[in-house]
Amino acid sequence: MSAPPVTVLQASPDEEAAIRAAVRAVNDRVLAGPEHVDGLLALLSDPRVSDPIYDLPRPFTRESIAAWVEEGRAAHERGERLLSVTLDEAGGVAGYSQITVWPDRSSAEIAGAARADRQNAGRGRGGVSNAAAFMFETLGVRLIGLTAALDNVRSIAAIDGAGFVRMGERENVRPDGTVRRSLYWELTREAWRAGRRG
């Protein structure tokens, strides 16, 4: 289960409504639907892809992935999530991204992964930076919290490189109830904008 940032912000009713509307209005990505369930199952069944990610619906079955996709679509309608897929040239699922939003806290997090043959291509830092820009500028949140498994070297380097501030460690609870210890970062919109000017 996704966990909101440790720092608690309070959004005004107008800010919360604007964030929800912005999430619902996103139309520049392929939102995961029933037609992507088999591709997502194949993607996530590869431990090189899924092992570092704590909030996936384990165990991976067609039913658990279908329920996750449906839950994502319902959360999107509430203005609380964007579960999207990246497709390869043949139309197969080559990756996924899940942005979870807490509109009442003006906060968000992102998780995602690419198929093993698309990893280690040097796009991590840019991907995290682009995601932060999207969440701050398009969705309108003021805070992003991110986690990475202690041994997830690629994600750690990408998050550090994108300017997020390490805030220690936190325990993340997986949907099956197991706990994963993670490194934890936060970035405010104000600090992000200051970094872009610097």
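Start by selecting Leu87. Its relative accessibility is 35%, so Leu87 counts as partly exposed, since that class lies between under 20% for buried and over 50% for exposed. Keep in mind that the model on your screen is predicted.

**Around Leu87**

Color strand β2, and you will find Leu87 in it. Now show the contacts of Leu87. Leaving aside neighbours within four places in sequence, they are Val30, His36, Gly92, Val93 and Ala94. Leu87 and Asp14 are 73 residues apart along the chain. Draw a line between their C-alpha atoms, and it spans 35 Å.

**Helix α2**

Move on to α2, residues 37-44. Which residues of α2 are buried? Select Val37, Leu40, Leu41, Leu43 and Leu44. Now look down the axis of α2. The buried residues fall within an arc of 165°, so they line one face of the helix. What do they pack against? Show α3 (47-50), α4, β2 (81-87), β3 and β4 (107-114).

**Where α2 meets α4**

The crossing of α2 past α4 is right-handed.

Zoom in on the side chains of this contact. From α2, pick Val37, Asp38, Leu40, Leu41 and Leu44. From α4, pick Arg62, Ile65, Ala66, Trp68 and Val69. Color these residues by type: eight are nonpolar, two are charged and none is polar.

**The largest nonpolar core**

Now turn to the largest nonpolar core, which has 28 residues. Which members touch the most other members? Select Ile99, Val101, Met135, Leu139, Val141, Ile144 and Phe164. Then color the elements that give two or more residues to this core: α1 (13-25), β3 (93-102), α5 (124-139), β5 (143-149), α6 (153-161) and β7 (179-188).

Not counting residues up to four places away in sequence, Ile99 touches Arg29, Glu80, Arg81, Leu82, Ala108, Glu109, Ile110, Phe134, Met135 and Leu139.

**A second core**

One more selection remains. A separate core holds 18 residues, including Val49, Trp68, Leu83 and Val93. Two of these names have come up before. Trp68 is on the α4 side of the contact with α2, and Val93 is in contact with Leu87, the residue where the tour began.

How values were computed:
Residues numbered from 1 in each chain as written. Predicted model: local features only at pLDDT ≥ 70, side-chain atom pairs only at ≥ 80, totals over all residues. Heavy atoms only, no water. Axes fitted to C-alpha atoms, helices over the stretch in contact; angles between N-to-C directions. Helix = DSSP H or I, 4+ residues; strand = E, 2+ residues; numbered from the N terminus. Left-handed = near helix turned anticlockwise from the far one by under 90°. Contact = heavy atoms within 4.5 Å. Nonpolar A, V, L, I, M, F, W, Y, C, P; charged D, E, K, R; others polar. Core = buried A, V, L, I, M, F, W, Y, C linked by side-chain atoms within 4.5 Å. Buried < 20%, exposed > 50% of the residue type's maximum accessible area, 1.4 Å probe, protein only. Arc of directions from axis to C-beta.
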